[in-house]
Amino acid sequence: MKKVTLIRGDGIGPEIVAATVRAIEATGAGIEWEEREAGLACAERHGTPLPDETLASIREHKVCLKGPLTTPVGKGYRSINVALRAEFDLFANVRPAQNLPGVDTPFQDVDLIVVRENTEGLYSGLEAWLDREQNIAESRAIVTRAGSERIIRRAFEIANARPRRRLHLVHKANILKTTSGLFLEVGREIANDFPDVDFRDVIVDACCMRLVRNPSEFDVIVTTNLFGDILSDLTAGLVGGLGVAAGANLGSEGFALFEAVHGSAPDIAGKGIANPLAVMLAGVLMLGHLGYAGEAAQLEAAVHRTLADGKVRTPDLGGDATTRTFTDAILTNL
Ligand SMILES: NC(=O)c1ccc[n+]([C@@H]2O[C@H](COP(=O)([O-])OP(=O)(O)OC[C@H]3O[C@@H](n4cnc5c(N)ncnc54)[C@H](O)[C@@H]3O)[C@@H](O)[C@H]2O)c1
């Protein structure tokens, strides 16, 4: 039995997390959920969006499945997602993008993973005005050798375990000679430890162009924070958009937080029509992380079969099913 912290989240979170818990339990994987709260509804109930007991639970069990959390815009508390990544030093944001059967997209051979550095780069929080009139703004990017080493090594390990064993390091070292240059230099050094991985580097603008022309040339991509943020949404768009995009935030010592890439979707919350797939596929990643590879493969296959049947789909995928009936169909296929 593995213990996992479960955060249902805001908006559509409780609906899609309930569907995911049903599906994971139906695989028979031995998981005991410890429910904890976070987010806007939690702040309204308990006066804080991130209670100590939620942090303590994650610290104890190390693995968390989380629904989306609402972040107030322009006021209130800072993003709880960012706070959780910082608290548990979840330095690797891993986002697979794979074609799903029956989900119509311009390409049918996409199977890649973006590994984004999650803690430094241009998102280090070093922002300033350089003049009193606020006409000149500055953002500083921090890239460290240690931070680059751990994310690039993690990406090499991921690539080494996949059939194609190809890793593209994405950078802008021709212009950003220090920050991107250091990241590229570290990548070339670590490549010596992984002789079986086909290591290449590519400038970020060229990478975007090649991704939208021929995405199947890519297997694993590793890059710094800002480039990874943008590229991983681009790759989600290649395979059907936010409703099917899952992500894992991984740290050292086994810390891992699994979530959908999308937000709390307040426009459809409570209507029972949200697509549960993004968080369910995050659940698949979590099962794999916990050592339940067979159960992960079963749940993924059931999702694929349901989509391939094409009869039952939520409205975002062109159907009229509810979250509940879509989940029922997945469970039948399981
Ligand atoms: N990881 C997270 O917790 C996370 C990520 C992104 C945004 N957010 C937060 O979510 C809130 C809403 O953000 P937003 O509206 O910009 O983005 P959103 O991702 O919540 O919604 C964007 C659009 O996609 C649709 N959508 C999203 N998920 C869907 C699903 N599973 N099924 C069907 N349709 C879906 C929504 O209905 C909406 O039209 C904000 O407070 C934001 O800060 C949280």
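Predicted model: local features only at pLDDT ≥ 70, side-chain atom pairs only at ≥ 80, totals over all residues.

Reader: How many bridges join strand β1 to strand β3?

Author: Strand β1 (residues 2–7) and strand β3 (residues 63–66) are joined by three bridges, and the two run parallel.

Reader: Which residue in β12 is the bridge partner of Leu-65?

Author: The general idea is that side chains in a regular strand alternate between the two faces of the sheet. In this case, Leu-65 is partnered by Phe-258 in β12. Four bridges link β3 to strand β12 (residues 256–260), and these strands also run parallel.

Reader: What does helix α6 reach from its first C-alpha to its last?

Author: Helix α6 (residues 179–191), with 13 residues, reaches 19 Å, close to the 18 Å expected at 1.5 Å a residue. Its buried residues are Thr-179, Ser-180, Phe-183, Leu-184, Val-186, Gly-187 and Ile-190. Viewed down the axis of α6, these buried residues fall within an arc of 160°, so they line one face of the helix.

Reader: Against which elements do the buried residues of α6 pack?

Author: They pack against the strands β7 (137–142), β8 (166–171) and β9 (198–203), and against helix α5 (145–160).

Reader: Which residues come nearest to the ligand?

Author: Among the 21 residues around the ligand, Pro-68, Thr-71, His-262, Gly-263 and Asn-275 come nearest. Sorted by class, the shell comprises ten nonpolar, eight polar and three charged residues.

Technical notes
Residues numbered from 1 in each chain as written. Expected span 1.5 Å × (residues − 1). Buried ≥ 20, exposed ≤ 12 C-beta atoms within 10 Å, placed from the backbone. Arc of directions from axis to C-beta. Contact = placed C-beta atoms within 7 Å. Near = placed C-beta within 6 Å. Nonpolar A, V, L, I, M, F, W, Y, C, P; charged D, E, K, R; others polar. Pairing = 2+ DSSP bridges.
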